[in-house]
Amino acid sequence: MTTASAVSTVNGMDISQLQAKAQQTKTADKADVKTAAEKDTSAAAVKGLGDNFNNFLTLLTTQLKNQDPTKPMDTNEMTAQLVQFANVEQNIGTNTRLDKLVKMQQSSLASSNLSYLNKTVSYEGSSFTLDKNTTDTPLAYELDTKAKAVDVKILDSSGKVVRTFKGETKAGKHELAWDYKDSAGNTVPSGTYKITASATAEDKNQIISPKTYTFGRVVGVGSKDGETTLMVDGRELKLSTIASVH
């Protein structure tokens, strides 16, 4: 089940490809800046450790030269300080190697995320776009509990109801089969539409608030706060919020 937009070309590339390329370039630029900052931090840590160690050796040598032969310095304290320096150096090296492993994993993840481009995804929401190339509309609603009756409506951009359905009343998620026609049997024009669902509970004191699911086409892939994001119809959606991929 896929949904495609009308194709416009610029220098042999369609608009979705240009958008995806721009998003990838933006993400790569951010990654380069972050990588450079991480390298500077690691380098500063190593340099700072080296400077402190040199100062420590200078101080230690001076103390040894000027110590009282009858009251020599405690070698245990000296050894403990040397061990501490060695541990810090080892920790910096470990962190550097872990950073490299994380970057490798992120690169692999970024490559696999490119497979989402031009795919139709379903997610919790209400508005969606139809055009002449739409082949399917993975619309759905979800009930937390069994209802007495369910009404599902399709509204156009002006808020006018173009189609009403009697939905399934069982608890769970239910897909909505729509043939893109209004209540009079006419095919609706391209444009922005909205799905709403209302439910009547068997217990009059109970309130049921159905969730609705809409769809869109992925035109870009990015990352935010360490999580993959997808650009869908002008929205930046976290991958964890995607219900299904078609």
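How many helices and strands does the protein chain have? This is a predicted model, and its chain holds 2 helices and 13 strands. Let's walk through it together, starting with the chain as a whole.

Of the 246 residues in the protein chain, 27% are buried. The accessible surface amounts to about 15800 Å², and carbon and sulfur atoms supply 52% of that area. If you look at contacts with a separation of 6 or more, 68% of them in the protein chain join residues 24 or more positions apart.

In soluble globular proteins, nonpolar side chains tend to be buried together. Here the largest nonpolar core has 21 residues, and those with the most contacts inside it are Phe128, Leu139, Val152, Ile154 and Trp178. Two or more residues of this core come from each of β4, β5 (139-143), β6 (149-155), β7 (161-166) and β9. Of these contributors, β9 gives the most, with 4 residues. To see the surroundings of one member, select Ile154: setting aside neighbours within four places in sequence, Ile154 is in contact with Phe128, Leu139, Lys160, Val161, Val162, Arg163, Phe165, Leu176, Trp178, Tyr193, Lys194 and Ile195.

Now turn to the aromatic rings. A pair of rings is described by the distance of the centres and the angle of the planes. The whole structure contains 5 aromatic pairs. One of them is formed by Phe128 and Tyr193, which are stacked, at 6.2 Å centre to centre and with 25 degrees between the planes. This pair links distant parts of the chain, since Phe128 belongs to strand β4 (residues 127-130) and Tyr193 to strand β9 (residues 191-200), 65 residues apart. Phe128 and Tyr193 are both buried.

Why is the pair of Trp178 and Tyr180 edge-to-face? The ring centres of Trp178 and Tyr180 are 5.9 Å apart and the planes stand at 75 degrees, so this pair counts as edge-to-face, an angle over 60 being what that label asks for. Trp178 has 6% relative accessibility and therefore counts as buried. Phe128, Trp178, Tyr180, Tyr193 and Phe215 together make up one aromatic cluster.

Tyr180 itself sits in the loop between β8 (172-176) and β9. Beyond its neighbours within four places in sequence, Tyr180 is in contact with Thr134, Thr135, Asp136, Thr137, Asn186, Thr187 and Val188. Tyr180 and Thr134 are 46 residues apart in sequence, while their C-alpha atoms are 9.4 Å apart in space.

Strand β10 (residues 211-224) runs antiparallel to strand β11 (residues 227-232), and 6 bridges join them. Within this pairing, Ser223 stands opposite Thr228 in β11. The hairpin of β10 and β11 has 2 residues between the strands, and Asp225 in the turn has a positive phi of about 55 degrees. β11 also pairs with strand β12 (residues 235-238), again in the antiparallel sense, over 4 bridges. Here Thr229 has Lys238 in β12 as its bridge partner. β11 and β12 likewise form a hairpin with 2 residues between them, where Asp233 in the turn has a positive phi of about 50 degrees.

Technical notes. Residues numbered from 1 in each chain as written. Predicted model: local features only at pLDDT ≥ 70, side-chain atom pairs only at ≥ 80, totals over all residues. Heavy atoms only, no water. Buried < 20%, exposed > 50% of the residue type's maximum accessible area, 1.4 Å probe, protein only. Contact = heavy atoms within 4.5 Å. Areas by Shrake-Rupley, 256 points an atom, 1.4 Å probe, with all protein chains shown as cover. Pairing = 2+ DSSP bridges. Phe/Tyr/Trp six-rings, centres within 6.5 Å; stacked < 30°, edge-to-face > 60°. Core = buried A, V, L, I, M, F, W, Y, C linked by side-chain atoms within 4.5 Å.
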